[in-house]
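Here are some notes to read alongside the model. Have it open and follow along point by point.

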Amino acid sequence: MKRLAIFGTSGHAREVGDIARSAGYRVSYIARTEQEARHCQLNNVVVESDLRGNEQMHFAIGVGDNRTREYIMNRYSPKLHFATLIHPSASFGVNQRKAVLDSKAAVIFAGVRLTNRIRLADGVILNQNATIAHD
């Protein structure tokens with residue numbers, strides 16, 4: 001089974017974890033500090049400073065705040081492989097699924113609908129039931 005570590009320990013991170021598990025990943029979470037790791041009440045939590053040696057894993061960002069997401073992408077993007085995660089109930093127009101998979105670190109939540117000719121930036125999150133139409 002593929003391993004994926006998710007930056008974050010909040011409700012958003014847990015939802016990203018659900019999507020990752022539906023994609024066949026074994027999930028762990030990354031806390032910023034030892035204190036956060038002790039208080040987050042999740043299994044399989046590692047502290048961000050302990051990431052060395054895990055570069056072969058896949059990673060995702062489970063943080064909803066855009067500035068923090070950008071910071072994580074900029075800090076770790078050259079070193080780590082960020083997976084794009086798609087909930088199984090998301091639906092896509094012609095060739096759109098491939099376009100999403102070509103982006104880095106995107107997370108597509110349940111019920112999202114993308115029609116066609118849509119470009120997504122790296123690190124984008126599309127929350128539940130979002131619909132984005134053509135062009």
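1. Which side chain does the side chain of T68 make a polar contact with? The partner is the side chain of D65, at 2.9 Å. A polar contact here is a pair of N or O atoms within 3.5 Å; within protein, one must be able to donate a hydrogen and the other to accept it, and residues adjacent in sequence count only if both atoms are side-chain atoms. T68 sits in helix α3 and counts as partly exposed, at 33% relative accessibility. (Buried means under 20% relative accessible area, exposed over 50%, and partly exposed in between, with a 1.4 Å probe and protein chains only.) S28 is 40 residues away from T68 along the chain, and their C-alpha atoms are separated by 19 Å.

2. Before going further, a word on what you are looking at. This is a predicted model, in which local features need pLDDT of at least 70 and side-chain atom pairs count only at pLDDT 80 or more, while totals for chains, interfaces and linings use all residues. Residues are numbered from 1 along each chain as its sequence is written, and side-chain values use heavy atoms, with hydrogens and water left out.

3. Back to α3, which covers residues 66-76. Helices (H or I, at least four residues) and strands (E, at least two) are DSSP runs, numbered from the N terminus. D65 turns up again here, as the cap on the N-terminal end of α3: one of its side-chain oxygens lies 3.3 Å from the backbone nitrogen of R67.

4. Which residues of α3 are buried? They are R69, I72, M73 and Y76. These four share a side of α3 because they cover an arc of only 100° around the axis, the arc being that of the directions from the helix axis to the C-beta atoms. An α-helix has 3.6 residues a turn, so residues three or four places apart point the same way. Over on the other side of α3, R67, E70 and N74 are exposed. The cover on the buried residues includes β1 (2-7), α1 (11-22), β4 (58-61), β5 (81-82) and β10 (125-126).

5. Now β1, where L4 is found. L4 is buried, at 0% relative accessibility. Its contacts (heavy atoms within 4.5 Å), not counting residues up to four places away in sequence, include A20, V27, F59 and L85. S77 is 73 residues from L4 in sequence and 15 Å away in space, C-alpha to C-alpha.

6. Q96 lies in helix α4 (residues 96-101) and is buried, with a relative accessible area of 2%. N95, in the loop between β7 (91-92) and α4, is exposed at 63%. Phi of N95 is near 65°, a positive value in a residue other than glycine.

7. Follow Q96 to R117. A polar atom of the Q96 side chain lies 3.2 Å from the backbone nitrogen of R117. R117 belongs to the loop between β9 (113-114) and β10, and counts as exposed at 65% relative accessibility. Phi of R117 is positive too, near 55°. Most residues other than glycine have a negative phi.

8. Last stop: T84, in the loop between β5 and β6 (85-86). Is T84 buried or exposed? It is buried, with a relative accessible area of 15%. A polar atom of the T84 side chain lies 3.4 Å from the backbone nitrogen of A105, and the backbone nitrogen of A106 likewise lies 3.4 Å from a polar atom of that side chain.
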